[in-house]
Amino acid sequence: MSRTSTSRLRAGPFAYAVLVLVTLGSLFPLVWTAIAASRDNERLAETPPPFWFGGNLFANMSTAWNDANMGKALLNTTLVAGTVAASTVLFATLAGFAFAKLRFRAKNTLLLLVIGTMMVPPQLSVVPLFMAVAKLEWTNQLQAVILPMMVSAFGVFFMRQYLTAALPTELVEAARVDGAHSLRVVWHVVFPAARPAMAVLGMLTFVMAWNEFFWPIIALTQDNPTVQVALTGLGKGYIPDESVIMAGALLGTLPLLLAFTVFGKQIVGGIMQGAVKG
C-alpha cells in the first residue's frame with residue numbers, strides 16, 4: 001500500500017469531532033436516566049432540571065426493585081429473550097439456507113408470503129392470538145410470550161440475503177459429493193459461513209425481545225412479569241414518582257449493557273468478518 005493511500009485512511013479533526021458528537025448524543029439518554037434516578041420527584045419537577053447526579057440512586061433502585069418485582073422480571077425477561085433469540089437464529093438460518101440454496105417447488109411464492117407477513121401490523125393478530133392462548137390456558141405464562149416470537153420473517157429474509165452472497169453453491173455441492181447428508185451440510189458448512197450474520201441477528205433479536213412491550217402486557221400480569229410489564233407498575237398513583245420509574249428503567253437496561261460489554265468484541269468481530277471477504 002502506498003504512502004498516499006495510507007494517509008487517506010487517517011481520520012482528521014473533523015471526523016473526531018463528529019464521532020464525539022455522535023457518542024455524546026448516543027449516551028445522553030442513558031446518562032439522563034441515571035441522573036433522574038439519583039434525584040427525587042420534587043427536584044425533577046424544578047426548572048431547570050438537574051444536570052448532575054444526586055444521592056438517591058441506590059434508594060430509588062431498591063424501591064423500584066421491591067415495588068416492581070424486578071428480580072423475577074429480570075429472570076423472566078432473560079429466559080424469554082434468550083430463548084427467542086436462540087430459536088430465531090436457528091430457524092431463520094435453516095429457512096434462509098433453504099430459500100437461498102435449495103431447489104423446491106413454489107420457493108419464490110413462499111418467500112414472497114414470508115416477506116408479506118412483515119407488512120401486516122402486529123395489532124391485527126392480537127385478538128386471535130389471545131383467544132388461542134386463552135384456549136390453551138397459557139395466560140400469564142411465559143410460553144404465551146415465547147412461542148409467538150420464536151421465528152421472525154425479518155430473520156428469515158436477513159439470513160437468506162446473507163447466505164445467497166456468503167455461501168458459495170459449489171461448497172454445498174462439494175459437501176454433497178463427499179457424502180454429507182443435509183444435517184451435516186448445515187452443521188459443517190452453513191453454520192460456519194453464517195456465523196457473522198447469526199451473531200448480528202441474535203443480538204438484534206435479543207434486544208427486541210428484551211424491549212417487547214405490546215404483547216407481554218396483554219399476556220402477562222404483575223405476578224409473572226417481564227421487565228417492560230413490571231415497569232408499568234411503577235407509574236401508578238396520583239403523582240407517579242418519576243425518579244423511581246427512571247431507577248426501574250435503569251435496572252432493566254443494565255443487563256443489556258453488561259451483555260454487550262462482555263460479548264461486544266465477539267459481535268463486532270463477527271460483523272467485520274462478514275463484511276470483509278477475500
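This is a predicted model: local features need pLDDT of at least 70, side-chain atom pairs count only at pLDDT 80 or more; totals for chains, interfaces and linings use all residues.
**Stop one: helix 2**

Select residues 13-37, which make up helix 2. How far apart should the ends of its 25 residues be? At 1.5 Å a residue the helix should span 36 Å, and its end C-alpha atoms are 35 Å apart, so the two values agree. Now click on F28, where helix 2 bends by about 40°. A proline, P29, follows within four residues. Move on to T33, A34, I35, A36 and A37: these residues of helix 2 are buried.

**Stop two: L163**

Next, select residues 153-166 to show helix 9, and pick out L163 within helix 9. Is L163 buried or exposed? L163 has 0% relative accessibility, and because buried means under 20%, L163 counts as buried. Who surrounds it? Leaving aside neighbours within four places in sequence, L163 is in contact with T93, G96, F97, A100, K101, V190 and A194. Try the distance tool on F97: its C-alpha atom is 6.4 Å from that of L163, though the two residues are 66 apart along the chain.

**Stop three: the largest pocket**

Finally, select P122, P148, M149, V151 and S152, which lie nearest the centre of the largest pocket among its 23 lining residues. Helix 5 (70-101), helix 7 (126-135), helix 9, helix 11 (182-211) and helix 12 (214-219) each give two or more residues to this lining. Which helix gives the largest share? Helix 11 does, with four residues. The pocket has a volume of about 790 Å³. Colour the lining by class and you will find 17 nonpolar, five polar and one charged residues.

How values were computed:
Residues are numbered from 1 along each chain as its sequence is written. Side-chain values use heavy atoms; hydrogens and water are left out. Buried means under 20% relative accessible area, exposed over 50%, partly exposed in between (1.4 Å probe, protein chains only). Contact means heavy atoms within 4.5 Å. The expected span of a helix is 1.5 Å times one less than its number of residues. The bend at a residue is the angle between axes fitted to the seven residues ending there and the seven starting there. On a 1 Å grid over the protein atoms alone, a cavity is a set of points where a 1.4 Å probe fits but cannot get out, and a pocket is an open set with protein on both sides within 12 Å along at least five of seven lines; lining residues have an atom within 4 Å of a point. Grid points are joined across faces, edges and corners, and a volume is the space filled by probe spheres set on the points. Ala, Val, Leu, Ile, Met, Phe, Trp, Tyr, Cys and Pro count as nonpolar, Asp, Glu, Lys and Arg as charged, and the others, Gly among them, as polar.
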